[in-house]
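Here's a quick briefing to read with the viewer open.

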Amino acid sequence: METEDSRIDAYIATSGKWKGEVEALREIALTSGLREEVKWGKPCYTYNGKNIVLIQAFKAYCAFLFFKGYLLEDTGGILVKTGENTVKGRQARFHSVEEIGAREPVLRKYIRELVELEDTAK
């Protein structure tokens, strides 16, 4: 049986030109105290069983999908709706590891805010 780690390692290995970006986003999620799981075939990071963020490698960009991104005040100006009918999710899209590094403080801030919201929702 495959473990989640091996499935995530396989996802990273097949991320093509976005491998470095996926690894950078994974590091941010893991060092933010989130639990790593596989959902929808992608690396998903949770807090107390609640989905916080998902990593997705697309053809044109690599993204961090914040499941409840609509609750964030996007002070960093980096979040976009994933589609015109999207209600809750918001993506931060990246084209380089350097871009992720430059936005890391904002990404960590957004993760903290969503974790705090989950704690207060109990």
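Predicted model: local features only at pLDDT ≥ 70, side-chain atom pairs only at ≥ 80, totals over all residues.

Residues are numbered from 1 along each chain as its sequence is written, and side-chain values use heavy atoms, with hydrogens and water left out.

**The core**
- The largest nonpolar core has 30 residues; such a core is a set of buried Ala, Val, Leu, Ile, Met, Phe, Trp, Tyr and Cys residues joined through side-chain atoms within 4.5 Å.
- Buried here means under 20% relative accessible area, with exposed over 50% and partly exposed in between (1.4 Å probe, protein chains only).
- Residues with the most contacts inside this core are Leu25, Leu34, Val53, Phe64, Phe66, Ala92 and Leu107.
- Elements giving it two or more residues are α1 (4–13), α2 (19–30), β2, β3 (50–57), β4 (62–66), β6 (90–94) and α3 (97–120), and α3 provides the largest share, 6 residues.
- Helices (H or I, at least four residues) and strands (E, at least two) are DSSP runs, numbered from the N terminus.
- Contact means heavy atoms within 4.5 Å; leaving aside neighbours within four places in sequence, Phe66 is in contact with residues including Val53, Ala92, Leu107 and Ile111.

- Ile111 sits in helix α3 and counts as buried because its relative accessibility is 1%.
- Not counting residues up to four places away in sequence, Ile111 touches Ile28, Ser32, Leu34, Phe64 and Phe66.
- As for α2, its 12 residues should span 16 Å at 1.5 Å a residue, and its end C-alpha atoms are 16 Å apart, which agrees; the expected span is 1.5 Å times one less than the number of residues.
- The buried residues of α2 are Glu21, Val22, Ala24, Leu25, Arg26, Ile28 and Ala29.

- Strands β1 (residues 35–39) and β2 run antiparallel, joined by 5 bridges; strands pair if DSSP finds at least two bridges between them.
- Glu36 has Tyr45 of β2 as its bridge partner.
- There are 2 residues between the strands of this hairpin, where Trp40 takes a positive phi near 60°.

**Thr46**
- Thr46 is in strand β2 (residues 42–47) and, at 2% relative accessibility, counts as buried.
- The side chains of Thr46 and Glu37 make a polar contact of 2.7 Å (a pair of N or O atoms within 3.5 Å; within protein, one must be able to donate a hydrogen and the other to accept it, and residues adjacent in sequence count only if both atoms are side-chain atoms).
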